[in-house]
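Let's walk through this structure together, one stretch of chain at a time. Keep the sequence and the 3D view side by side as you read.

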Amino acid sequence: MASLQLATKARHAAYVNPVPTLYRAIAKELPRVLTIYDIDIPVPEARAGIRSLFNANSQVKDTRVKDMLVEKGYMELEETLLHYKQRPHLLRIFEGFKHKSTGADRKKLGLDSTIDEQFDRE
């Protein structure tokens, strides 16, 4: 069974800045991932999607949580390179959640919903 073991390498390596190192590793593999999964997104746009995930966790200050997120990032990269993910999983990361009004989200009612909206759901 093929194994990259990027997460193990990340755990044992003593990086000064592990977060930028993870970002560089992901950015380096991004063109390959886009080719493997046949995703027609420009590399800068895909990098912007990855950057938004990093920015979502930029407020984390606890070093234990940072280490856990970095290790999880390496595990996600490894699983992506080993083709454990499917194309829609990556499209959700790169393009975001564009279609929020489908499925169960379509049927949710707000606190200020009218009587017509309550009975108009299908």
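Helices here are DSSP runs of H or I with at least four residues, strands are runs of E with at least two, and both are numbered from the N terminus. At 33% relative accessibility, Ile-36 counts as partly exposed, because buried is defined as under 20% relative accessible area, exposed as over 50%, and partly exposed as in between, using a 1.4 Å probe and protein chains only. Ile-36 and Thr-80 are 44 residues apart in sequence, yet 9.5 Å separates them in space, C-alpha to C-alpha.

Before going further, a word on what you are looking at. This is a predicted model, in which local features need pLDDT of at least 70 and side-chain atom pairs count only at pLDDT 80 or more, while totals for chains, interfaces and linings use all residues. Residues are numbered from 1 along each chain as its sequence is written, and side-chain values use heavy atoms, with hydrogens and water left out.

Now for the overall layout. The protein chain has 7 helices and 0 strands, so from the N terminus on, its elements run α-α-α-α-α-α-α, in the DSSP sense of these terms. Of its 122 residues, 24% count as buried. Contact means heavy atoms within 4.5 Å; among contacts between residues at least 6 apart in sequence, 76% join residues at least 24 apart.

Let's return to H2 and look at its partner. Helix H2 covers 18-36 and helix H3 covers 43-56. The two pack at an angle of about 145 degrees, with their axes 10 Å apart. Those axes are lines fitted to C-alpha atoms, for helices over the stretch in contact, and the angles run from 0 to 180 degrees between N-to-C directions. On the H2 side, the residues that meet H3 are Val-19, Leu-22, Tyr-23, Ile-26, Ala-27, Leu-30, Pro-31 and Leu-34. Their counterparts in H3 are Val-43, Ala-46, Arg-47, Ile-50, Arg-51 and Phe-54. Sorted by class, this contact has 12 nonpolar, no polar and 2 charged residues. In that sorting, Ala, Val, Leu, Ile, Met, Phe, Trp, Tyr, Cys and Pro are nonpolar, Asp, Glu, Lys and Arg are charged, and the others, Gly among them, are polar.

The loop between H2 and H3 deserves a stop of its own. Asp-38 sits in this loop and has a positive phi of about 55 degrees although it is not a glycine. At 52% relative accessibility, Asp-38 counts as exposed. The C-alpha atoms of Pro-42 and Pro-31 are 11 residues apart along the chain and separated by 9.0 Å.

What about H3 itself? With 14 residues, H3 reaches 20 Å from its first C-alpha to its last, close to the 20 Å expected at 1.5 Å a residue; the expected span is 1.5 Å times one less than the number of residues. Its buried residues are Ala-46, Gly-49 and Ile-50. Seen down the axis of H3, these fall within an arc of 90 degrees, so they line one face of the helix. The arc is that of the directions from the helix axis to the C-beta atoms. An α-helix has 3.6 residues a turn, so residues three or four places apart point the same way. The cover over the buried residues of H3 includes H2 and H5.

Further along comes H4, residues 63-81, with 19 residues and a reach of 27 Å from first C-alpha to last, close to the 27 Å expected. Buried in H4 are Val-70, Gly-73, Tyr-74, Leu-77, Glu-78, Thr-80 and Leu-81. They cover an arc of only 165 degrees around the axis, which puts them on the same side of H4.

H4 is followed by His-83, in the loop between H4 and helix H5 (87-95). Phi of His-83 is near 65 degrees, a positive value in a residue other than glycine, and His-83 is partly exposed at 45% relative accessibility. Gln-86 also lies in the loop between H4 and H5 and counts as exposed, at 51% relative accessibility. Finally, Gln-86 and Tyr-37 are 49 residues apart in sequence and 7.8 Å apart in space, C-alpha to C-alpha.
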